Every structure is written in C-alpha cells, then in structure tokens.
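Here are my notes on the model you sent. Keep the structure open and follow along point by point.

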Amino acid sequence: MTECIFCKIGSGEIPAKKIYEDQNTIAFLDIFPSAKGHSLVIPKKHYSTLLDIPEMELKELIQIVQKVGAGIMKATQADGFNILQNNKEAAGQIVPHLHFHIIPRFKDDCLKLSFGSKQGEEKELAHWESQIKKHI
Ligand code: AMP
Ligand code: ZN
C-alpha cells in the first residue's frame, strides 16, 4: 500500500505535525482541523478500517488514543473531546487507512456532530436488537 498517504506519514516519507510516535503508532495534527489541536491517531501498519486490525493491535492503539487525548485536552485547555472514526466511504472515510480523530471541544464552539433527532419505533428497534445480536 505504498500509495497510501497515511502509510507515508507513518514511515516518515512525507511530513506531518507529529505529536506522538512509538514503534507501531503515530499521532499527528489534521491538516483540515475542525478545532485547534484536532489530531489523528493511526497504526503505522496499513489496515483499511476498524474491522481489519487484529485485536491486540487495536488494544494498543486505543490506549494511545486515550494518552494523546489527555495530552490534547491539557495543551488546548479543551472542555471535552470527541473521538470520531469513519469506516468506508459511505461513513465519510476519505483516507482508507484506519484512523481515530481526536477533536477537542469547547463550550459554545457550535461544532455540529449530530445524531438522529427522532426516537426510534419500538418494533423497529426490537428487530435490529435481535438481528444484530445474531452476528456478534
Ligand atoms: P476521514 O474522513 O475520516 O477519512 O478523514 C481523513 C482526515 O485526514 C481529514 O480530516 C483530512 O483533513 C486528514 N488528512 C488528509 N491528509 C492529511 C495529511 N497529509 N496530514 C494530515 N491530515 C490529513
Ligand atoms: Zn496506509
């Protein structure tokens, strides 16, 4: 996957504003930030989505997300933060290399990351409850 931009950042082939790096993981500032300090945490190894990374590597990665998130909170004096993780184009994934967004949030920042506004119908919710359980 040599054409992957995040692989190239991971290997140091192209520059990024790196805020954390270890053997398997790297975190850097997003070039189109939604807020000051908006960063991305990626495994250096190429995995397209959350479904592709082995469990042990994901455990390590999410621990780094926590560590970097804490650092970003302190550095930016944020009031909170969102973790965003897009999988596949339909979900808004533009770069097909697994990454976690860490987006610092500030009181009254008016950033909109919205979810459904209408309560689900009981029958429909019950249907998906039973269907999804079968596949886990
Ligand atoms: P996603 O929609 O989850 O795939 O988001 C990809 C993110 O990567 C976007 O927020 C981009 O601004 C960011 N991005 C793309 N290229 C770079 C780059 N070279 N350095 C830093 N961030 C990047
Ligand atoms: Zn990659």
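1. Which residue just after H2 takes a positive phi? Glutamine 77 does, with a value of about 60°. Keep in mind that this is a predicted model.

2. Start with the overall layout. The chain has 3 helices and 5 strands. Along the sequence they follow the pattern α-β-β-β-α-β-β-α. The C-alpha atoms fill a box of roughly 50 × 40 × 25 Å, taken along the principal axes. The chain has 136 residues, and 32% of them count as buried. Look also at how far contacts reach along the sequence. Among contacts with a separation of 6 or more, 52% join residues 24 or more positions apart.

3. Now check helix H2. It covers residues 55-76, which makes 22 residues. At 1.5 Å a residue, H2 should span 32 Å.

4. Which residues of H2 are buried? They are Leu61, Ile64, Val65, Val68, Gly69, Ile72 and Thr76. Seen down the axis of H2, these buried residues fall within an arc of 150°, so they line one face of the helix. An α-helix has 3.6 residues a turn, so residues three or four places apart point the same way. On the other side of H2, Met56, Gln63, Gln66, Lys67 and Lys74 are exposed.

5. What covers the buried residues of H2? The cover includes strands E1 (18-21), E2, E3 (39-43), E4 and E5.

6. Move on to aspartate 79. This residue is found in the loop between H2 and E4. Is aspartate 79 buried or partly exposed? It counts as partly exposed, because its relative accessibility is 44% and that class runs between 20% and 50%. Aspartate 79 and phenylalanine 106 are 27 residues apart along the chain, yet their C-alpha atoms are separated by 5.0 Å. Leaving aside neighbours within four places in sequence, aspartate 79 is in contact with Met73, Arg105, Phe106 and Lys107.

7. Leucine 98 deserves a look. It sits in the loop between E4 and E5. Its relative accessible area is 0%, so leucine 98 is buried. Not counting residues up to four places away in sequence, leucine 98 touches several residues, including Val41, Ile42, Pro43, Tyr47, Leu50, Ile53 and Leu61. Leucine 98 and lysine 44 are 54 residues apart in sequence and 9.6 Å apart in space, C-alpha to C-alpha.

8. Threonine 49 is one of the residues that leucine 98 touches. Threonine 49 lies in the loop between E3 and H2. At 4% relative accessibility, threonine 49 counts as buried. Beyond residues up to four places away in sequence, threonine 49 touches Asn87, Lys88, Gln93 and Leu98.

9. Where is lysine 88 found? It is in the loop between strand E4 (80-84) and E5. Lysine 88 is not a glycine, but it has a positive phi of about 75°. With a relative accessible area of 55%, lysine 88 is exposed. Cysteine 110 is another residue to check. Its phi is near 60°, a positive value in a residue other than glycine. Cysteine 110 lies in the loop between E5 and helix H3 (122-134). It is exposed, with a relative accessible area of 63%.

10. Finish with the largest pocket. About 480 Å³ of space lies in it. Of its 24 lining residues, the closest to the centre are Phe6, Asp30, Ile31, Leu40 and Val95. Helix H1 (5-11), strand E2 (25-29) and strand E5 (100-105) each give two or more residues to the lining. H1 gives the most, with 3 residues. The lining of the largest pocket divides into 15 nonpolar, 7 polar and 2 charged residues.

Note on methods
Residues are numbered from 1 along each chain as its sequence is written. Chains are lettered from A and ligands numbered from 1 in the order in which they are written. This is a predicted model: local features need pLDDT of at least 70, side-chain atom pairs count only at pLDDT 80 or more; totals for chains, interfaces and linings use all residues. Side-chain values use heavy atoms; hydrogens and water are left out. On a 1 Å grid over the protein atoms alone, a cavity is a set of points where a 1.4 Å probe fits but cannot get out, and a pocket is an open set with protein on both sides within 12 Å along at least five of seven lines; lining residues have an atom within 4 Å of a point. Grid points are joined across faces, edges and corners, and a volume is the space filled by probe spheres set on the points. Helices (H or I, at least four residues) and strands (E, at least two) are DSSP runs, numbered from the N terminus. Ala, Val, Leu, Ile, Met, Phe, Trp, Tyr, Cys and Pro count as nonpolar, Asp, Glu, Lys and Arg as charged, and the others, Gly among them, as polar. Buried means under 20% relative accessible area, exposed over 50%, partly exposed in between (1.4 Å probe, protein chains only). The expected span of a helix is 1.5 Å times one less than its number of residues. The arc is that of the directions from the helix axis to the C-beta atoms. Contact means heavy atoms within 4.5 Å.
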